[in-house]
Amino acid sequence: MKPKVGFFDFTSCEGCQLTVLSTGERLLDLVSSVDIVNFREASSQIGHDYDIAFIEGSVAKPADIDRLKEIRKNAKVCVALGACAHTAGVNAIRNFHNQAEVKKRVYGEKAWVFDTILAQPIDAVIKVEYFIPGCPIDKEELLRVIPAIASGVRPYIPDHPVCVECKMRGNVCLYHRQNKIICMGPITRAGCGAICPSVGNACEGCRGLVSDPNIKAFEEVLEEHGVSPEDRMRFYRMFNGLMGVR
Amino acid sequence: MNGKDVEINVHHVTRVEGHGNIVVDVKNGELKELKLEIVESPRFFEAMLSGRRFPEAIHIASRICGICAVSHSHASVRALEDALGIKPSQQTETLRRILAAAEHLDSHALHAFMLAAPDFLNLPSVIPMASTNPDIVKTAIRLKKLAHDVCDTIAGRHTHPISIAVNGFTNLVTEEQLKSLLKKVKDAMNDVPRMLDFFSSLKFPDFERKTDYTSLTSRNEYALYEGIIRSSETGEYKHRDYRMKISERVVDHSTAKHALGPHRPYMVGALARLNNNFHQLTPGAREAAERLGLRVPVHNPFKITLAQVVEIVHCLEWMSTLIEDLLAAGIKDERAERPPIAGWSATLEKVSRCWGVGVTEAPRGLLIHEYRIGNNGLIESANCVIPTAQNLANIEADMRELVPQILDRPKEEIRLMLEMLVRAYDPCISCSTHLLEVKFVE
């Protein structure tokens with residue numbers, strides 16, 4: 001029997017669901033190994049009978065909590081799809097601002113109309129079996145992980161830092177190229193193939209931290225490179241603002 | 001029809017990007033209530049951007065939308081360049097144009113083939129189309145794959161692009177890579193006849209409502225990347241004057257703001273661009289329009305989908321010319337003389353207070369980012385005007401005119417028509433904060 005799968009979206013850009021749709025020809029193979037019963041972004045068919053729920057996006061308003069709990073009740077396995085579900089992603093940037101001011105800034109005098117709460121990852125509300133990290137998720141990882149989960153096998157998600165993959169690609173370390181930079185590679189979970197440093201950008205930490213990050217050594221590197229504490233904090237808070245407090 | 005009561009409530013319209021509801025309430029044949037509720041959680045991007053180092057804005061802004069991440073990056077980088085008084089090189093601008101073309105191609109292929117087409121075939125989604133219309137699904141997949149290849153090669157990734165930076169790219173495409181992309185673009189042109197056969201066979205609802213068509217326009221090209229703003233009703237104006245022409249207001253039933261022009265509701269997107277700039281389309285795209293029976297001005301919003309198909313042809317031909325131009329000039333590594341300013345660059349000290357506006361065309365229409373930067377290089381305030389927010393009032397105006405015309409039809413048919421109308425606009429609710437369900441109030 002093919003497992004029944006549902007895709008659900010909360011506060012996000014829906015780029016991770018679109019990554020699922022953009023796996024191209026291989027999407028058709030994927031579709032043949034599972035039975036997709038709920039995928040609002042792609043289909044008007046809506047089913048509530050599913051075994052595996054892929055959940056994209058952060059919890060950001062009170063109604064999200066009930067909807068998420070309902071999904072948990074129906075599903076045997078819940079999977080966080082992408083950074084917004086996994087770490088609250090960029091949505092959490094606003095958590096560090098005054099919420100009343102944030103609302104007023106965007107919606108002015110009518111800010112009271114919209115009920116919101118601090119952005120949270122989904123495991124702040126429900127039990128989550130697996131995480132597919134990244135902003136957005138990595139296509140190859142997704143194509144490896146979905147069949148594993150569908151056949152009841154724990155998917156492999158790397159737990160070494162991005163630096164390992166960056167070295168394997170033969171990149172010159174950004175810290176060797178320039179002073180006053182912040183690359184999150186030393187403490188960020190690999191699996192992306194060091195995609196950002198490979199095209200001349202710093203790792204922004206979108207895949208979350210490795211399970212045992214060497215923060216102390218990392219801070220020393222930043223200190224050496226003359227990065228101010230404010231800039232460090234700002235950079236941590238791009239994708240990992242909530243990691244320290246969870 | 002006299003005396004009829006119809007209440008429609010589509011809760012979370014499907015096959016659109018984001019969450020929205022359509023609510024229609026007719027009592028005694030009179031339209032009591034009609035609204036497009038936007039129920040997506042507010043995203044607060046404008047607040048998220050404040051307090052960030054200015055070059056970081058590009059990567060944060062791209063996270064507004066998974067479909068049009070390139071357009072948001074472009075609006076963002078152009079706003080920063082406008083503020084800092086930086087004019088990027090011709091090569092940078094050409095590469096960005098190629099990215100813009102690829103994104104329009106990708107987004108239109110997704111919408112026209114995968115989200116809109118199932119309505120015309122009486123199918124719930126593109127998935128069963130894989131058995132009923134396999135060639136069409138494969139065409140869509142090939143076009144999307146091409147667009148992703150282009151973006152992956154030039155910008156490091158499509159969703160979300162990595163190497164787009166102020167004053168250039170942090171990584172440069174090679175001539176070898178461009179040659180390989182050019183071949184793929186030419187190959188994709190073989191798919192055009194099949195695509196046109198399919199879309200010219202679809203029956204579109206007969207409904208017209210003239211509105212204000214607003215888009216960028218440029219003397220030099222069919223504007224998909226830069227230009228000045230043109231309203232079909234009130235004329236042209238510069239990007240920095242947008243606040244004098246476009247006002248945003250908060251309505252109770254939508255977490256996405258409604259934007260209104262001097263002529264009140266207006267339309268942005270593929271059809272607005274086609275109506276404003278038709279003569280600048282590539283020859284193949286003009287032929288495609290002929291084939292699809294589009295004679296501008298087109299006032300039928302359902303045909304936005306066809307305008308997107310025309311733009312797919314345009315983007316293929318335009319991309320091919322742009323790549324040929326680049327290859328003829330040769331790719332120069334300009335990074336030493338014009339250092340790109342990326343998120344982590346430490347150049348904040350040199351920045352003094354400034355303000356800038358960046359406009360571009362996203363697949364769904366005119367996109368505006370505006371930033372105010374402080375002496376310390378940190379963003380003080382940001383404003384983003386999103387295509388779907390501009391279309392919302394116009395969609396409601398269309399529905400208000402359409403509902404009385406179709407009130408004598410069965411409720412399910414009314415519901416489908418309204419869903420199709422909303423879907424035709426290809427709303428992107430994540431962007432505008434996300435959109436769609438139809439509620440017929442019962």
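Predicted model: local features only at pLDDT ≥ 70, side-chain atom pairs only at ≥ 80, totals over all residues.
Residues are numbered from 1 along each chain as its sequence is written, chains are lettered from A in the order in which they are written, and side-chain values use heavy atoms, without hydrogens and water.

Select residues 387-406 (H13) and 411-424 (H14) of chain B: their axes come within 11 Å and cross at roughly 155 degrees. That makes the two helices roughly antiparallel (an angle over 145 degrees). Now color the contact (heavy atoms within 4.5 Å): H13(B) contributes residues including B:Ile395 and B:Asp398, and H14(B) residues including B:Ile414 and B:Met417.

Next, select residues 90-120 (H4) and 304-329 (H12) of chain B, whose axes lie 8 Å apart at an angle of about 150 degrees. H4(B) is therefore roughly antiparallel to H12(B), and their crossing is left-handed.

Finally, go to A:Val102 in helix H5 of chain A, residues 99-107. Is A:Val102 buried or exposed? A:Val102 is buried, with a relative accessible area of 2% (buried means under 20%, exposed over 50%, with a 1.4 Å probe and protein chains only). Beyond its neighbours within four places in sequence, A:Val102 touches A:Arg94 and A:His97, along with B:Phe44 and B:Ala47 from chain B.

Terms used. Axes fitted to C-alpha atoms, helices over the stretch in contact; angles between N-to-C directions. Helix = DSSP H or I, 4+ residues; strand = E, 2+ residues; numbered from the N terminus. Parallel < 35°, antiparallel > 145°, perpendicular 65-115°, else oblique. Left-handed = near helix turned anticlockwise from the far one by under 90°.
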